[in-house]
Amino acid sequence: MTAKSRIKLWSIGGGKGGVGKSIVTLGLGICLAELGKKVILIDGDLGGANLHTLMGVRFPPTTLEDFLLRRVSRLEDIIVETQVEGIGLICGADDILGSANPTYAQKMRLMQQIENLDADFILLDLGAGTSFNTLDMFNASPGKIVVFTNQVTSLQNAYGFIKSSLYRRLCRVFAKDEDLLWLIYQVGDKGAESGMQSIRDLENRVAQALPEKWPRLQQALDDYQAFLLINMVKKSQDLKAIDIIQTVCGDFLNVQPQVLGALAFDPGVETAVNQMTPFPIYMKKGRASAAIREIARSFLITCRISRGFAASLAAAGLG
Ligand SMILES: Nc1ncnc2c1ncn2[C@@H]1O[C@H](COP(=O)(O)OP(=O)(O)O)[C@@H](O)[C@H]1O
Ligand SMILES: [Mg+2]
């Protein structure tokens, strides 16, 4: 397989705050840099940008806001060097995208510019919640990582995040198809006559009522590929959370997220955060550091078997 088939741009989401999206982003980035890869980390948490703090940058000299407000014309000019060789950082801005209310096409242009940055890997750390801006960034990334813990609320939010991003994707793919959009909107609507409760019901209904559109729906579902990363694992039973997410995604959404890995709970992570030093550097031999190095190694295999940016844009209805 050629280097070209490697997925470069990855988003790290998960719906809930505090589950470790930023920790995973920076940990994975550091380990990939240690393996000789050129990495750019981007803080896409528009409500609570703090990736720079975790990376030891106290006062970001430039942020995404400088680019979005056109104070700086080229995206590469806002990349901040970090203390770690091989890692550039694009610091976050306050909710500039939310207040600017960009069109879908504008957001996709930004994602395309991000994808074009000179790096082996670009990791985009997303904020909590399921706002359209967050979902669109996630969906436009060919690589998708969902971070969660075994807490019930995290499971709910991770499933909700996957579900929302999948529905958002379907609405974009069929944006110009009123018949199909009408059916998509009815799924889960208890008042609707059709009684569709899941994507499986939607598929059956489309196969019956609009059979010529069924293959495209099937393709959009097949194209949706997300990877699960469970964080703060304390004991092996915690890993049951992975089965739960996979089962509900299979049963209700008809998608099969794969597992990227499990990151151990390690009190040293919090100490490293308070020292403003990335944890794999602060405690090279800790449990979490060992786990994230392992995850980075499997990531290098995973990123080769997933689909590329062009396919992701096509699936988002922009190909
Ligand atoms: N594997 C872990 N072990 C121990 N503490 C962790 C771990 N991952 C994250 N944390 C703690 O959780 C806090 C929140 O993580 P963070 O990545 O900022 O969450 P998010 O980006 O999802 O809001 C961190 O500041 C850290 O103290
Ligand atoms: Mg965060």
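**Entry 1: α5 and α6.** In this predicted model, I looked up which residues join helix α5 to helix α6. Y104, K107, M108 and M111 of α5 meet F132, N133, D136, M137 and A140 of α6; contact here means heavy atoms within 4.5 Å. By class, I recorded six nonpolar, one polar and two charged residues in this contact. Ala, Val, Leu, Ile, Met, Phe, Trp, Tyr, Cys and Pro count as nonpolar, Asp, Glu, Lys and Arg as charged, and the others, Gly among them, as polar.

I then noted the geometry: α5 (residues 104-115) and α6 (residues 132-140) pack at about 45°, with axes 10 Å apart. Helices are DSSP runs (H or I, at least four residues), numbered from the N terminus. Axes are lines fitted to C-alpha atoms over the stretch in contact, and angles run from 0 to 180 degrees between N-to-C directions. The two helices are therefore oblique to each other; angles under 35 degrees count as roughly parallel, over 145 as roughly antiparallel, 65 to 115 as roughly perpendicular and the rest as oblique.

**Entry 2: α7 and α10.** I found that the axes of α7 (residues 152-173) and α10 (residues 214-223) come within 10 Å and cross at roughly 140°. That makes α7 oblique to α10. L166, R169, L170 and V173 of α7 make the contact with R216, L217, A220, L221 and D223 of α10. I listed six nonpolar, no polar and three charged residues there.

**Entry 3: ligand 1.** I counted 15 residues around ligand 1, of which G18, K21, I23, N231 and A264 come nearest; a residue qualifies if one of its heavy atoms lies within 4 Å. I noted a backbone N or O atom of G18 at 2.7 Å from an oxygen atom of ligand 1. A polar backbone atom of I23 is 2.9 Å from an oxygen atom of ligand 1. For A264, a backbone N or O atom lies 2.9 Å from a nitrogen atom of the ligand.

**Conventions.** Residues are numbered from 1 along each chain as its sequence is written, and chains are lettered from A and ligands numbered from 1 in the order in which they are written. Local features need pLDDT of at least 70, side-chain atom pairs count only at pLDDT 80 or more, and totals for chains, interfaces and linings use all residues, while side-chain values use heavy atoms, with hydrogens and water left out.

Conventions: Polar contact = N/O pair within 3.5 Å; in protein donor to acceptor, adjacent residues only side chain to side chain.
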